[in-house]
Amino acid sequence: MGLRPGDIDYMRQRLKTEKHEPARVVLIRVIGELYEKQFRSELYDFLDDKSAEIRLVAACSLANIGDAKCLVHLVDLLDANDLNTRFLSARMLRSVTGKNFGFLSYEKTEQREPRIRAWRQWVTDQPKTFK
């Protein structure tokens, strides 16, 4: 069973009003996967969401379509409070850039900081596109 006409509009509307974070995550993933570039401007809006998980999903969706705007946000998420968010951000960064900088998501903040600075510098020095 595929999407029916109007399904994407319904999902976009739900995304604007949905308060339940797991539901928002699913909606962003689905819309991001199905509509990729057409959903890009809306994904940008989620890069500034208060939820680190929402920011991560939006950044990963942008990374999957080769949008370099995601890189700075993925680097920011390397400093998230949540270990899983740090891990997934690092994994996506390594996947799309081929770089590592020795970042380990489970290290203490003071051990992660120089590696995050290395990532920030690398992103700053890169062109605005990749893939």
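**Pocket**

I looked up which helices line the largest pocket: α2 (21-35), α4 (52-64) and α6 (83-97) each supply at least two residues of the lining. I take helices as DSSP runs of H or I of at least four residues, numbered from the N terminus. The model is predicted, so I note that local features need pLDDT of at least 70 and side-chain atom pairs count only at pLDDT 80 or more, while totals for chains, interfaces and linings use all residues. Residues are numbered from 1 along each chain as its sequence is written, and side-chain values use heavy atoms, with hydrogens and water left out.

For the pocket search I used a 1 Å grid over the protein atoms alone and a 1.4 Å probe; a pocket is an open set of points with protein on both sides within 12 Å along at least five of seven lines, and a lining residue has an atom within 4 Å of a point. Grid points are joined across faces, edges and corners, and the volume is the space filled by probe spheres set on the points. The largest pocket holds about 240 Å³ of space.

I listed its lining as R29, E33, L56, V57, C60, S61, N64, L88, R91, M92 and S95. Helix α4 gives the most, with five residues. By class, the lining has five nonpolar, three polar and three charged residues. Here Ala, Val, Leu, Ile, Met, Phe, Trp, Tyr, Cys and Pro count as nonpolar, Asp, Glu, Lys and Arg as charged, and the others, Gly among them, as polar.

**Cysteines**

C60 is in the pocket lining, so I checked for disulfides (pairs of cysteine sulfur atoms within 2.5 Å). I found zero. The sulfur of C60 has its closest cysteine sulfur in C70, at 7.8 Å, which is too far for a bond. For burial I use relative accessible area with a 1.4 Å probe and protein chains only: buried is under 20%, exposed over 50%, partly exposed in between. C60 is buried at 16%, and C70 is buried at 0%.

**Helix α1**

Which residues of α1 (residues 7-17) are buried? I get D7, I8, M11 and L15. They lie on the same side of α1 because they cover an arc of only 100° around the axis, the arc being that of the directions from the helix axis to the C-beta atoms. An α-helix has 3.6 residues a turn, so residues three or four places apart point the same way. On the face turned away from the buried side I find the exposed residues D9, Y10 and K16.

**Salt bridges**

I counted a salt bridge where a side-chain nitrogen of Lys or Arg is within 4 Å of a carboxyl oxygen of Asp or Glu. The count is seven.

R12 pairs with E42, with the closest N and O atoms 2.7 Å apart. R12 is in α1 and E42 in α3 (residues 40-46), so this pair ties together parts 30 residues apart in sequence. R12 is partly exposed at 21% relative accessibility.

R112 pairs with D79 at 3.7 Å between the closest N and O atoms. This pair also links distant parts of the chain, with R112 in α7 (residues 109-125) and D79 in the loop between α5 (69-77) and α6, 33 residues apart. R112 is buried at 5%, whereas D79 is partly exposed at 41%.

R115 pairs with E107, again with 3.7 Å between the closest N and O atoms. R115 is partly exposed at 27%, and E107 is buried at 14%.
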